[in-house]
Amino acid sequence: QVNEAEAVVFNIPSYACQRRTALDNHNTVLTDALSLLAENAELSDEDGRGVAFRRAAAVLKALPEPVTGMTQLRGLPCLGGHSLRVIKDILEDGASGEVELTKESERFKALKVLTGIFGVGVKTAERWIREQIHSLQQLQDSGQTLNRAQQAGLEHYDDLNQPVTKAEADAIGEIVREAVMSVLPGAQITVIGGFRRGKLTGHDVDFLVTHPEEGREVGLMPKVVSWLESQGFLLYQKTTRNSYLESKDGPARPASNMDRFERCFSIFKLPEEETRGTKQTETLTENTPEDTCSLAANWQVKGGEQMKPAGHKAWRAVRVDLVVSPISQFAFALLGWTGSKLFERELRRWAGHEKAMSLSSHALYDNKQSRYLRATSEEEIFAHLGLDYIPPSERNA
Ligand code: ATP
Ligand code: MN
Ligand code: MN
């Protein structure tokens, strides 16, 4: 018999930024359960607990095979008593009572529905719940005052809660490219966020814009926004100007993940023909799989020509984030906006706790040498931090 004390099955380093985490993992039942508890904690303003569950889930995401017994978890980092209990319940009973109760709880369901409205955060949702508002209908009936973002969020609720596909992200990318090129030729556009990590769907599409000549990017966003607005591509936008230079609290505040780039949180009006104009005609004539059939059922085919059914709008709302960075900060912006959120948090924690450095989306500061460390690529930043380079597709912690 194997001495159990020696049976360390997996060797996983403790910071997520020291590990490769692909999109797919071998323990989705466990990671989904822990992620749900993390989400519930975050929705309950218990960020510390949220991070603990996220870290535990991330460790399981990094395992090379499915966990079948608790002994395999010995020596793994970031698995606290609470997470271990949840894992044990699932391994032994097939489900965790706590997770099932949370999923079904009225409070959790209401918080999800209400924070699912663009522009509504935990604080607002909690206030509404205290006022007996649990659903969109109740919100509308209540006559609550909504700000501009929340009004847009409510109006486009269904669209914005439907995952954005890769095809839609590509179509948005083309529109953004056209907008940026017509106001600043020579600018560079990079997909960031989940789509850069290889995700097949997202809750939004994120882009980083820069120009190879430092300073040429200044004031770019308002021009891009004007172009998009003049073409009818924007349903909502809120632009924030760059406040990096005037900030007094130092450029690399490790405690905050908010940066000060010029940015735009927006809702795009994506015409349907941009994603499936001609392609759909093709699939309709073939023996189609289920999803295309149901799509086709929504369309009338008259005399070989497709007609849109009455009441069917020819566009859909998509959340889009645009960020502009000067070229000198581009690598830091790219690293900081590619995610995942936990990967970013772990990078900053690693920098601070292990290297006495402060990392932000603008810069990397070495507290021992009292100087900024320059970088023109993500690879250089990982090297400064004493980390092996992890490509975007393996930052899905
Ligand atoms: P999803 O598919 O849900 O959009 P995502 O990873 O793209 O997943 P986002 O919320 O779009 O998630 O965030 C993308 C990245 O941008 C994250 O890594 C996050 O750290 C970063 N980010 C988001 N908001 C800000 C912000 N206000 N300031 C700085 N960085 C941010
Ligand atoms: Mn995103
Ligand atoms: Mn985003």
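**Chatting through the model, from Asp45 onward**

Biologist: Let's start with Asp45: buried or exposed?
Modeller: Asp45 is exposed, because it has 11 other C-beta atoms within 10 Å and 12 or fewer counts as exposed. Bear in mind that this is a predicted model.

Biologist: Where does Asp45 sit in the chain?
Modeller: In the loop between α1 (28-43) and α2 (47-61). Phi of Asp45 is near 60°, a positive value in a residue other than glycine.

Biologist: What about Gln132, where is that?
Modeller: Gln132 is in the loop between α6 (122-130) and α7 (136-142). Its phi is near 65°, again positive in a residue other than glycine. Gln132 is exposed, with 9 other C-beta atoms within 10 Å.

Biologist: Okay, zooming out. How many helices and strands does the chain have?
Modeller: There are 18 helices and twelve strands. Of the 397 residues in the chain, 33% are buried.

Biologist: And which domains is the chain divided into?
Modeller: The assignment gives domain 1 (4-103), domain 2 (109-149) and domain 3 (164-271 + 318-394). The C-alpha centres of domain 1 and domain 3 lie 29 Å apart.

Biologist: How many residues of domain 1 are in contact with domain 3?
Modeller: Ten residues of domain 1, meeting twelve residues of domain 3. The domain 1 side of that contact has six nonpolar, two polar and two charged residues.

Biologist: Switching to annotations, where does UniProt place the "binding site" feature?
Modeller: At Asp204, Asp206 and Asp321, according to an unreviewed UniProt entry. They are spread over 118 residues of sequence but cluster in space, with a largest C-alpha distance of 7.3 Å.

Biologist: Take Asp204 then. Buried or exposed?
Modeller: Asp204 is buried, because 21 C-beta neighbours lie inside 10 Å and the cut-off is 20 or more. It is in the loop between β3 (201-202) and β4 (205-210).

Biologist: Which residues does Asp204 touch, sequence neighbours aside?
Modeller: Leaving out residues up to four places away in sequence, Asp204 touches Val164, Arg319, Val320 and Asp321.

Biologist: And Asp206, which strand is that in?
Modeller: Asp206 lies in strand β4, and it is buried, with 22 other C-beta atoms within 10 Å. With residues up to four places away set aside, its contacts are Ile192, Gly193, Asp321 and Trp337.

Biologist: Which residues are closest to ligand 1?
Modeller: Gly193, Gly194, Gly202, His203 and Gly339 are the closest of the 18 residues that surround it. That shell has two nonpolar, nine polar and seven charged residues.

Biologist: Which helices each supply at least two residues of that shell?
Modeller: α11 (193-196), α16 (330-338) and α17 (341-355).

Biologist: You mentioned Gly339. What is the peptide bond from Gly339 to Ser340?
Modeller: That one is cis, with omega near -5°. Ser340 is placed in the loop between α16 and α17.

Biologist: Last topic, the core. Which residues touch the most other members of the largest nonpolar core?
Modeller: Leu34, Ile172 and Leu322, out of 86 residues in that core. In soluble globular proteins, nonpolar side chains tend to be buried together.

Biologist: Which residues is Leu322 in contact with?
Modeller: Leaving aside neighbours within four places in sequence, the contacts of Leu322 include Val176, Phe207, Val209, Met221 and Val224. Arg263, Cys264 and Ser266 are also in contact with Leu322.

How values were computed
Residues are numbered from 1 along each chain as its sequence is written. Chains are lettered from A and ligands numbered from 1 in the order in which they are written. This is a predicted model: local features need pLDDT of at least 70, side-chain atom pairs count only at pLDDT 80 or more; totals for chains, interfaces and linings use all residues. UniProt positions are given in the numbering used here, feature names are shortened, and annotations may be inferred rather than shown by experiment. Helices (H or I, at least four residues) and strands (E, at least two) are DSSP runs, numbered from the N terminus. Two residues are in contact if their C-beta atoms, placed from the backbone, lie within 7 Å. A nonpolar core is a set of buried Ala, Val, Leu, Ile, Met, Phe, Trp, Tyr and Cys residues joined through C-beta atoms within 7 Å. A residue is near a molecule or strand if its C-beta atom, placed from the backbone, lies within 6 Å of it. Ala, Val, Leu, Ile, Met, Phe, Trp, Tyr, Cys and Pro count as nonpolar, Asp, Glu, Lys and Arg as charged, and the others, Gly among them, as polar. Domain bounds come from an automatic or database domain assignment.
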